[in-house]
Amino acid sequence: MTSQHSKTSVAAISIFASGGMAAAKFAVGIAIGSLALISEALHSSVDLIATIITWAVVRVSDKPADEEHHYGHGKLESISALGVTALLYVLAGGILVEAYSRLREGTPPPTISAVPFVVLVIDIVVNLWRARALHRAARETRSQALAADALHFASDVMGSFAVIVGLMLAALGYWWGDAAAAAAVAVMIALLGLRMAGSTVQTLVDRAPEGAQEQATAAIRGVPGVIDVERLRVRMVGATYFIDTIAKVPRTYPIDRVEEIKRNAQAAVTKAFGDTDLTFTAVPVARDNETVRDRIMVIARNSGLAIHHVTVYDLGAKLIVGIDLEVDGEMALDAAHDVANTLERNIQEEFGADVEIDVHIEPLEPELPFGVDAAPERVQTIAAALTEYAAGGDIHDIHNVRVRNTDAGEIVNFHCRATPSMSVIRVHEHVDAIERALRRAFPTVKRVISHAEPPRA
């Protein structure tokens, strides 16, 4: 059963129960002349009005956000709860005035019989069932309107007990018992209204639910990649938690990694609260464990530059940095030099003016969308040459050789194997020597791309 269907069905059942019990108590109260029982009937009548309002409101409050209500329609439940509270205070005031009048004038006690007690016992049983059902539905759907309705019916039980006590006092000869019971019912209604008003006003002024900020902060801090939560705000609209947070993430992370963190944060708060809407603002910050190379890569990325082969040497008093900077191959040298100078200035602003920087400018490899596989004979020839250049060295098992013809020349890809314990530097040196030998032997080869891997287990 959906939450919307659950709320509307429970509210609808309460309408019929409220109407039936209000009519029964009112009829019996008039018949025996009991102000306390009439007061309870009026209380139940207000409950009936409240339940009808609740039934109407919950049908609207679960509607999704639209162009005019960006946060949905959930606060209609709070507004309806305020309206019901106002009705309760009007009722409580009227009952107190009538009770005072009867006590002052010494009105004769009501006619006592078994009928009102039977009606009140049935009322207590019905109200306990309704309060339990409404409370369960309110808890499951986080509906403030249903929670207010459940509180009404729970208070009705106390009111019915007060009326029973008043009627028993009247039966024992205490003429004031019925009026005193009516006054007690009025006081209960007033206290109920005060409690409802406090809770509803807090929701309308966007008070954060108790403990929600701490729980949401802990959930987001537990997401891998989140360094800290700088600010977090929570408010509720209907059954939905709206959470706004500013979280710190490493500035070295690419955009797609940050988006993954956002998705994981949404999943974390949804697991903690259920229905949530998270606004996640990521603030990139430097971590204490950032290396000089990390910081230089961030500077280049923020400038939209492609760099590689970043070398850093610390001579104690001076930092020496070497960078390969890729620019458009058709760019004029003076323009490329300006780009390199700008990069150097940005690095000096980060590390100090005395840092020594050498930028090697090289053409950015163009995209070559057009290419076809070379003839099998050509692939065999290239594969044989690669195997020959690798013979007797630490690189062996040349395989998966592919050759493609492009407008710029031949592109060669191959896989090879090396000793698992060999360092990446040594593997690169050996593979690089094989690539250079291939390009010398085959001038039409534009680029060689190798993939070294350990031997098969």
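Predicted model: local features only at pLDDT ≥ 70, side-chain atom pairs only at ≥ 80, totals over all residues.
**View A. Helix α7 packed against helix α8.**
Two packed helices are described by the angle between their axes and the distance between the axes. In this view, helix α7, which covers residues 212-221, packs against helix α8, residues 255-273, at an angle of about 140°, and the two axes are 8 Å apart. The two helices α7 and α8 are therefore oblique to each other, since only angles over 145 would count as roughly antiparallel. The crossing in which α7 passes α8 is right-handed. On the α7 side the contact is formed by Ala-212, Gln-215, Ala-216, Ala-219 and Ile-220, which meet Ala-268, Val-269, Ala-272 and Phe-273 of α8. Sorted by class, this contact of α7 with α8 consists of eight nonpolar residues and one polar residue, with no charged residue.

**View B. Helix α9 crossing helix α10.**
Helix α9 spans residues 292-302 and helix α10 spans residues 333-351, and their axes come within 10 Å of each other while crossing at roughly 135°. That angle makes α9 oblique to α10. Here α9 passes α10 in a crossing that is right-handed. The residues of α9 that make the contact are Val-292, Arg-295, Ile-296, Ile-299 and Ala-300, and those of α10 are Leu-343, Asn-346, Ile-347, Glu-350 and Phe-351. Seven nonpolar residues, one polar residue and two charged residues make up this contact of α9 with α10.

**View C. Helix α11 packed against helix α12.**
Helix α11, residues 376-390, packs with α12 at an angle of about 135°, and their axes lie 10 Å apart. As a result, α11 and α12 are oblique to each other, and α11 passes α12 in a right-handed crossing. From α11, the residues Ile-382, Ala-385, Leu-386, Tyr-389 and Ala-390 meet Ile-434, Ala-437, Leu-438 and Ala-441 from α12. The contact of α11 with α12 contains nine nonpolar residues, with no polar and no charged residues among them.

**View D. The second largest pocket, with α12 and β10 in its lining.**
Rolling a probe the size of a water molecule over the atoms shows where empty space is left. The second largest pocket holds about 380 Å³ of space, and 13 residues line this pocket, with His-428, Asp-432, Glu-435, Val-448 and Ser-450 lying nearest its centre. Taken by class, the lining of the second largest pocket has five nonpolar, three polar and five charged residues.

**View E. The largest cavity and the residues around it.**
The structure holds two cavities of 30 Å³ or more, and the one shown here, the largest cavity, contains about 60 Å³ of space. Its lining is made up of Gly-33, Arg-102, Thr-107, Pro-108, Pro-109, Pro-110, Trp-175, Asp-178 and Ala-179. Five of the residues in the lining of the largest cavity are nonpolar, two are polar and two are charged.

Conventions: Residues numbered from 1 in each chain as written. Heavy atoms only, no water. Axes fitted to C-alpha atoms, helices over the stretch in contact; angles between N-to-C directions. Helix = DSSP H or I, 4+ residues; strand = E, 2+ residues; numbered from the N terminus. Parallel < 35°, antiparallel > 145°, perpendicular 65-115°, else oblique. Left-handed = near helix turned anticlockwise from the far one by under 90°. Contact = heavy atoms within 4.5 Å. Nonpolar A, V, L, I, M, F, W, Y, C, P; charged D, E, K, R; others polar. 1 Å grid on protein atoms, 1.4 Å probe; cavity = no way out; pocket = protein on both sides within 12 Å on 5 of 7 lines; lining within 4 Å. Points joined across faces, edges and corners; volume = space filled by probe spheres on them.
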